[in-house]
Amino acid sequence: MKHMATYDLMETLRTTNQWLGATAQALGSYPAVSMFPNPFFKMVAAWGEVTERTFARMVAKPDWNINTVVGADGRDHIVSVEKAVERPFGDLIQFQVHGRPQKRRRVMLVAPMSGHYATLLRSTVASLLPDCEVFITDWHNARDIPVSAGKFDVEDYTHYLVEFMRFLGPDTHVIAVCQPAPLALAATAYLAAEDPDAQPRSLTLIGGPIDPDAAKTDVTDFGRRVTMGQLEQIAIQRVGFKYAGVGRLVYPGLLQLASFMSMNAERHSRAFTEQILKVAKEEAADHDKHNRFYDEYLAVMDMTAEFYLSTVERVFKRREIAQNEFKVAGRPVDIAAITDVAVKTVEGANDDISAPGQCIAALDLLTGLPDEKKASHLEPGAGHYGIFAGKSWRNNIRPLVLEFIDANSGRPRPQRAQLRSV
C-alpha cells in the first residue's frame, strides 16, 4: 500500500480547500452582512467563490460543449459525441454531425495523454468540424481504471493508435498534438510494415518531442537531471480508496498540476488575484476568459505509472524514436518503412515545451519518404498552446493543415470502417 496514504492526503487537502471556499462564499453572502458598508464580506465571498470553483474543477472531466455546427446550407446541425471504439484505457470517439452530407476530409486527432483530458483540444475540434469528419482519442483517467485491466505503457499506447487507424481505414488524415507525436509516428511506421493498406493518407505532427535533444527546454533538462529511480520515488503513488482504480500505480494529475503551476507561479497568482477582485466588483461572468481557461487547465487526470515512466525513459532519455530504435513487443519499428504517407510538422517559434527543432526532426528519420511528401511550418510568435488551439492555429496553421490534407487526399479508397462500438 506504499504511497496510497500520500494520494489520499492530496485528495483530502483538495476537498478541504473546496469546502473552505464554499463556506467562505456562503458566509460572505448572507443578507445580514449587506447592512455593513465595509467591503470585507464581499471580498470573503469572492475569495470563496473563486477558491471553491478552483478546487472543484480539479477532479471533474470537462464537457465537450460542442452542440451544433453551421453547415454549408447555413443551418445549425446538431453534434453528438459517439464512441466508435471502446477500450479500457481510452476510446476513439466521433463528433457526429447530423443532417449534413459526409465531409470528404476524415480526420483523426490524437490527443495528448500528459495530465489533461482530450477536451484540451475542444477549440481544435470545433475549428475542424465545419470542414471535416472528426474523430479523437479520448484517454481515460487512470484513477478510474481497475487494476484488473492490466498495464498501459508506450507500447500499449502505440497499439491503441494502430487499432484506431485500422478501424478508420486508409482515407484518414492523422493529426497528433504534442506528447503523442513520436508514438503516432511509430504507429504509422508499424502499419507501414505490418499492414500498409491501413496506413493513413497523411500525418501532421504538431509541437511534439520527436527528438527532445534537438532543442533544450525545462522539460528536457528535467528529464536529463533526474534518474528513473528518483522519478519513481518522487512522482509515483497508488490510487486511494475513493476511486475504482484503488491500488493502481499512477502519476497523479494533482502532482502534475502542482508542477505546471509552479513553472509560472507569478502569472497564475496574478490571474487569480485579479479574478477575485472582478468577482467582488461583480464584473466577472461564469464563462469569462479566466473561467474558460482555468476550467480546462485545472481539470487534470492521472496517468498510469508505466506510461509516464516509459515515456520519460524511452522517448526522452534513451531517445528511441529519435534514433529509430523503438520496439513494440520486441519487434523493431523502422520509421524508414513509411514511404507513402505524407508527413507535415508544425512548430511554434516561442514554444517552451517542445522547442523548435524537436518536431521537425521527424523529417530526417523518414529516409524512405520522397521529399515532395514532406512539409514543415514554423509559426512566428506562437507558443505551445497557440499552435493547436490559439489565434495562430485559427488564422494560419489550420488553413495550412487543411491544404496539406487536400493535397494528399489522392483517389478515394474504399471505406474500411463504419461507426461501431467494440
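Trainee: In E6, which residue is the bridge partner of Val107?

Mentor: Start with the general idea. Strands of a sheet pair through backbone hydrogen bonds, either parallel or antiparallel. Now the case here, in a predicted model. Val107 has His173 in E6 as its bridge partner. The strands involved are E4 (residues 105–110) and E6, joined by four bridges and running parallel.

Trainee: How many bridges join E6 to strand E7?

Mentor: Five bridges link E6 to E7 (residues 202–206), and these two strands run parallel.

Trainee: Are the residues of strand E6 buried or exposed?

Mentor: Count them. Strand E6 (residues 173–177) has five buried residues of five, so the rest of the structure largely encloses the strand. Then check each face. His173, Ile175 and Val177 are buried on one side. Val174 and Ala176 are buried on the other. Both faces of E6 are therefore covered.

Trainee: Where do I find an antiparallel sheet?

Mentor: Look at E8, E9 and E10. These three strands form an open sheet in the order E8-E9-E10, with antiparallel pairing. Strand E8 (237–238) and strand E10 (303–304) are the edges, each pairing on one side only. Two bridges join E9 (residues 249–251) to E10. Tyr251 has Met303 in E10 as its bridge partner.

Trainee: Next, cysteines. How many disulfides does the count come to?

Mentor: The test is distance: a disulfide needs two cysteine sulfur atoms within 2.5 Å. By that rule the count is zero. Cys178 is in no disulfide; the nearest cysteine sulfur belongs to Cys359, 9.5 Å away. Cys359 is in no disulfide either, with the sulfur of Cys178 as its nearest, at 9.5 Å.

Trainee: Is Cys178 buried or exposed?

Mentor: Cys178 counts as buried, because its relative accessibility is 13% and the cut-off for buried is under 20%. Cys359 is also buried, at a relative accessible area of 1%.

Trainee: Now helix packing. At what angle do the axes of helix H8 and helix H9 cross?

Mentor: Roughly 95°. The axes of H8 (residues 253–263) and H9 (residues 265–280) come within 5 Å. So H8 is roughly perpendicular to H9.

Trainee: Which residues in H8 meet H9?

Mentor: Phe260, Met261, Ser262 and Met263. On the H9 side they meet Ala265, His268 and Phe272. By type, the contact has five nonpolar residues, two polar and no charged.

Trainee: What about phi? Which value is Phi of Glu282 near?

Mentor: General idea first. Most residues other than glycine have a negative phi. Glu282 has a positive phi, near 60°. Glu282 lies in the loop between H9 and helix H10 (289–297). At 64% relative accessibility, Glu282 is exposed.

Trainee: And where is the place of Ala329?

Mentor: In the loop between strand E11 (327–328) and strand E12 (331–332). Ala329 has a phi near 55°, positive in a residue other than glycine. Ala329 is exposed, with a relative accessible area of 60%.

Trainee: Last one. How many residues apart in sequence are Thr16 and Phe55?

Mentor: They are 39 residues apart in sequence, and 9.0 Å apart in space, C-alpha to C-alpha. Sequence separation and spatial distance are read separately. Thr16 sits in helix H1 (residues 4–28). With a relative accessible area of 35%, Thr16 is partly exposed.

How values were computed: Residues are numbered from 1 along each chain as its sequence is written. This is a predicted model: local features need pLDDT of at least 70, side-chain atom pairs count only at pLDDT 80 or more; totals for chains, interfaces and linings use all residues. Side-chain values use heavy atoms; hydrogens and water are left out. Buried means under 20% relative accessible area, exposed over 50%, partly exposed in between (1.4 Å probe, protein chains only). Two strands pair if DSSP finds at least two bridges between them. Axes are lines fitted to C-alpha atoms, for helices over the stretch in contact, and angles run from 0 to 180 degrees between N-to-C directions. Angles under 35 degrees count as roughly parallel, over 145 as roughly antiparallel, 65 to 115 as roughly perpendicular and the rest as oblique. Contact means heavy atoms within 4.5 Å. Ala, Val, Leu, Ile, Met, Phe, Trp, Tyr, Cys and Pro count as nonpolar, Asp, Glu, Lys and Arg as charged, and the others, Gly among them, as polar.
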